[in-house]
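Reader: I'd like to learn how to read a helix and its surroundings in a model like this. Could you walk me through it?

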Amino acid sequence: MSYGKCLVPSHRSITPRPADVVMLRSLPGRMMSTDSIGLAKAALRRDVLQRLKGMSMQDMQSESAAIGEQVGSCTLFKTAQSVAVYVDCERLREVQTESIVTAALKSCARVYVPRVLDRDSNMHFLRLQGLEELVQVPPFGIREPPLTDAAGAPRSDALQSPDPLQLIIMPGLAFDESGRRLGRGGGYYDKFITSIRQRSLERSWKTPLLVALAFNAQMVDSIPVGHHDVPVDVIVTPRGPILCTRHGEEEWP
């Protein structure tokens, strides 16, 4: 069975500059050096950031609404008991997730959202019971949950929960149709996903479905990746979902 199964027209929206083409297209045929991967990632980040800056607020809202409707109609999202979902940051021009978080709070027993712990790529997902609990954190104004709830008790941590995490909805800067993801360079999601997968393996749980949300402008031909980069199972775009792995095909919709 082949993956990168696209249920919608192809998302060929960005062509790398000529100097970058050789590096990007060399990925399937041979291993790239660490330096080459870093250069290719930096070039691609610049290209995609420029595309995002060119999106109007109306376009971002329209595409986010289309993506949110698809997530909301997913059977796993509607039936999952434990979901992790990012809270979008307007300054970073991410796909908006407030409607998704609101729907999850209504339908899921446990909803977790991210909180960055330090600059060493450590990020935990803490339980959220209402959007009003979120506070803006500098320098980007990302909304995160406090370490304690309204009663002063420590918030439940997805990495310490006695129950499996079933679904992770995550952002990214760029994606290709095989599920490769380019983040913003911090490595926070890669590190968290590695930890949650290890926890699932130790407890014989099914690994959570990894779902990324992407504007059309964030879909590219190929993502240069290193050994630590974690691919996603499904990419939800305004045009429809892209099923990237067997797990994605089994769980979506």
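Predicted model: local features only at pLDDT ≥ 70, side-chain atom pairs only at ≥ 80, totals over all residues.

Reader: Which residues of H6 are buried?

Author: Start with the general idea. An α-helix has 3.6 residues a turn, so residues three or four places apart point the same way. In H6 the buried residues are Tyr-189, Asp-190, Phe-192, Ile-193, Ile-196, Arg-199 and Ser-200.

Reader: And what covers the buried residues of H6?

Author: Several strands take part, including S3 (110–116), S4 (123–127), S7 (167–170), S9 (181–182) and S10 (209–213).

Reader: How do I read a pair of aromatic rings?

Author: A pair of aromatic rings is described by the distance of the centres and the angle of the planes. Here the count comes to two aromatic pairs. In one of them, Phe-125 and Tyr-189 have ring centres 6.1 Å apart and planes at 70°, so this pair is edge-to-face. It links distant parts of the chain, with Phe-125 in strand S4 and Tyr-189 in helix H6, 64 residues apart.

Reader: Is Phe-125 buried or exposed?

Author: Phe-125 has 0% relative accessibility, so it counts as buried. Tyr-189 counts as buried too, at 10%. Next, the rings of Phe-125 and Phe-192 have centres 4.6 Å apart and planes at 40°, so that pair is tilted. Phe-125 lies in S4 and Phe-192 in H6, so this pair ties together parts 67 residues apart in sequence. Phe-192 is buried, with a relative accessible area of 2%. Phe-125, Tyr-189 and Phe-192 form one aromatic cluster.

Reader: Which residues have the most contacts inside the largest nonpolar core?

Author: That core has 63 residues, and those with the most contacts inside it are Val-71, Ile-169, Phe-192, Val-211, Leu-213 and Trp-252. Strand S10 gives the most to this core, with five residues. Beyond its neighbours up to four places away in sequence, Trp-252 touches residues including Val-71, Val-211, Pro-241 and Leu-243.

Reader: What follows H6?

Author: Ser-204 comes after the helix, with a positive phi near 60°. It is found in the loop between H6 and S10. At 69% relative accessibility, Ser-204 counts as exposed, because the cut-off is over 50%. Its C-alpha atom is separated by 9.6 Å from that of Pro-164, 40 residues apart along the chain.

Reader: Where does the charged end of Arg-203 sit?

Author: It sits over the ring of Trp-205, 5.8 Å from the ring's centre.

Key:
Residues numbered from 1 in each chain as written. Heavy atoms only, no water. Buried < 20%, exposed > 50% of the residue type's maximum accessible area, 1.4 Å probe, protein only. Helix = DSSP H or I, 4+ residues; strand = E, 2+ residues; numbered from the N terminus. Contact = heavy atoms within 4.5 Å. Core = buried A, V, L, I, M, F, W, Y, C linked by side-chain atoms within 4.5 Å. Phe/Tyr/Trp six-rings, centres within 6.5 Å; stacked < 30°, edge-to-face > 60°. Lys NZ or Arg CZ within 6 Å of the ring centre and 35° of its normal.
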